[in-house]
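Please look over the sequence and the structure shown below before reading on. The report that follows takes up one topic at a time, beginning with a question.

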Amino acid sequence: MNISTTWLDAPLWLAVALWYTLGILSIATSKLLLNEATSPILLTLQQLLIGSTLLRILLRFRFLSNGYQDVTATDSLIRRICEVVKAGTSAAKAQELLALAGMCFSVGFLATNLAFSGSDVSFVETIKAAEPLTSAAVATIYKIETLNTPQMASLMTIVVGVLLS
């Protein structure tokens, strides 16, 4: 897919709009539910359950794609993850990496809900907006990747945006 077709890709724009809409809805409802004495742990479990159920439904019906897909074949999914991660990665290793990524996202959701319960949403979201800086720093320190000029420029844009907010 080249850049000229990306701008005309309606399903992509629909997916981005859905992502942002659900994000805003999640933030707004999280703060409301936490004000009603719901525990951050319970809210996180509810969000993960709703999110995984919605994702499974969307995958099953190939949302923004063509046709119906049976997602009960996890081995096939793991094989595809192996191909994406690196040729030669075993299914067990890919499953381990997927579980680790899921655990990290879950801890992130819990940390966000804990922060929402103790602070203003605007402050929490400002701090979260700086996350790419931490990821870039860790990747650079551990020599996972080196940053090129466009990446450095985008990180500076993030810094400016966080400072402005």
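This is a predicted model: local features need pLDDT of at least 70, side-chain atom pairs count only at pLDDT 80 or more; totals for chains, interfaces and linings use all residues.

## A first residue

## Confidence and overall make-up

The mean pLDDT of the chain is 77, and 76% of the residues reach 70 or more.

The chain has eight helices and zero strands, so that, read from the N terminus on, its elements follow the order α-α-α-α-α-α-α-α. Of its 165 residues, 15% count as buried, and the accessible surface comes to about 12300 Å², with 71% of this area belonging to carbon and sulfur atoms. When contacts between residues at least 6 apart in sequence are considered, 44% of them join residues at least 24 apart.

Which residues make the nonpolar surface patch of about 580 Å²? The patch is made by Leu 12, Trp 13, Val 16, Trp 19 and Tyr 20. One of these residues, Trp 19, is found in helix H2, which runs over residues 10-35. Trp 19 counts as exposed because its relative accessibility is 66%, and the limit for this class is over 50%.

Thr 38 is found in the loop between H2 and H3. A polar atom of the Thr 38 side chain lies 3.1 Å from the backbone oxygen of Leu 33. If residues up to four places away in sequence are not counted, Thr 38 touches Leu 33 and Leu 43.

Ile 41, in turn, is found in helix H3. With a relative accessible area of 53%, Ile 41 is exposed. Although Ile 41 and Phe 109 are 68 residues apart along the chain, their C-alpha atoms are separated by 9.4 Å.

## One salt bridge

How many salt bridges does the count come to? The count comes to one salt bridge, and the residues that form it are Lys 128 and Glu 125, whose closest N and O atoms are 3.7 Å apart. This pair qualifies because the distance of 3.7 Å falls within the limit of 4 Å.

Both Lys 128 and Glu 125 lie in helix H6, which covers residues 121-129, and they are three residues apart, about one turn of the helix. Lys 128 counts as partly exposed, because its relative accessibility is 39%, and Glu 125 is likewise partly exposed, with a relative accessible area of 25%.

How values were computed. Residues are numbered from 1 along each chain as its sequence is written. Side-chain values use heavy atoms; hydrogens and water are left out. Patches are made of residues with over 30% relative accessible area and no salt bridge: like charges are joined within 9 Å, nonpolar side chains (Val, Leu, Ile, Met, Phe, Trp, Tyr) within 5 Å. Accessible areas come from the Shrake-Rupley method with a 1.4 Å probe; for residues, only the protein chains shown count as cover. A salt bridge is a side-chain nitrogen of Lys or Arg within 4 Å of a carboxyl oxygen of Asp or Glu. Helices (H or I, at least four residues) and strands (E, at least two) are DSSP runs, numbered from the N terminus. Buried means under 20% relative accessible area, exposed over 50%, partly exposed in between (1.4 Å probe, protein chains only). pLDDT is the predictor's confidence in each residue, from 0 to 100. A polar contact is a pair of N or O atoms within 3.5 Å; within protein, one must be able to donate a hydrogen and the other to accept it, and residues adjacent in sequence count only if both atoms are side-chain atoms. Contact means heavy atoms within 4.5 Å.
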